[in-house]
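Biologist: I am new to this structure and would be grateful for a close look at a single part. Please treat the charged side-chain pairs, with their surroundings.

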Amino acid sequence: MPARLGVFSLGALGLLGCLLAANPVQAQSYPARPITIVVPAAPGGVSDTMARLVAQRFTTAWGQQVIVENRGGANHAIGAAMVGKAAPDGHSMMVAAETVFVINPTLHSKLPNDFAPITGLVRINQGLLAHPSLPANTIAELIALAKQKPGEITYGSSGLGAAGHVNVALLESMANIKLTPVHYRGATPALNDVLAGHIMLTSVSLSASVPPHRAGLAKMLAVGSAKRLPQIPEVPTTAETVPGYEAVTWFGLFTTTGTPRDVIGKINAEVRALFADQAFLDRAIVPGMFEPMVSSPEQFAEFIKSDSAKWSKVLREANIKAD
């Protein structure tokens, strides 16, 4: 009983349980052939890493080949379209960032988005990193400086609508300031230009921002988590100055809408078992300062619905539009 569960019809997400319950029991024979996990981004990023970790688990558990296929481009839309149009049997999946579900639909109103959420995977807090020459060492000082010089402070992002872009746009909105974005083809070029002093700021994952901060090559003004993190207790949160602010990006596992509920349940259970393994957490999750966010498909669907409403409002107020 297929139905659109993408963020263009978020009301349908609340019907996930009912829609999938109508499918016959198929989990016993699943998987019946090789599985493909699409990553709508280039190799080497978090979505690629998580896809390969999940793929390894599935292969071990089910004895079936799992292929990870990187299909980047168009701000994740190309890879997403592949899975959205695949047969609804659980043999095509996607590991993707929130961009596909809570950013792209606002920027690209006709983007195909036919997905059934399986579970969240990890949440990554962002660090706001500044070049040492920036005459601000705290969020409060940054806000004061930005109000003195509206639009003069530049920040880099990995692209229009990417986490590093919208998280700073959220800060602008909540603090009533104006900064100027400079878009790059990835987070690493933006970070490199901050280190070189070509731009002043970037919001980037802690795994990328902590090393230059500790080496004294840049200064971390704040972390985007709700509370200070034990790994970097000396760095305050932005929320200490701007209450309610969070700068995070998240990654989840999806399949095609209409996939039988029991198949989705089997996949979900295997991912939960993986994240319940402390050895896995110590090896793959803790070093990157990732936060697990596994849940039921229904809980994940409701989370996407809430997050989409939040970011569509931010994008509209910041007048962020696709080129």
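Modeller: Glu291 is partly exposed, because its relative accessible area is 28%, where buried means under 20%, exposed over 50% and partly exposed in between, for a 1.4 Å probe and protein chains only. This is a predicted model, in which local features need pLDDT of at least 70, side-chain atom pairs count only at pLDDT 80 or more, and totals for chains, interfaces and linings use all residues. Residues are numbered from 1 along each chain as its sequence is written, and side-chain values use heavy atoms, with hydrogens and water left out.

The partner of Glu291 is Arg123: the two form a salt bridge whose closest N and O atoms are 3.9 Å apart. A salt bridge here is a side-chain nitrogen of Lys or Arg within 4 Å of a carboxyl oxygen of Asp or Glu. This pair joins distant parts of the chain, since Glu291 belongs to strand E10 (residues 290-292) and Arg123 to strand E4 (residues 115-130), 168 residues apart. Helices (H or I, at least four residues) and strands (E, at least two) are DSSP runs, numbered from the N terminus. Arg123 counts as partly exposed because its relative accessibility is 22%.

The whole structure holds seven salt bridges. One of them joins Arg57 and Glu270, with 2.9 Å between the closest N and O atoms. Arg57 lies in helix H2 and Glu270 in helix H9 (residues 261-275), 213 residues apart. Arg57, at 25% relative accessibility, is partly exposed, whereas Glu270, at 15%, is buried.
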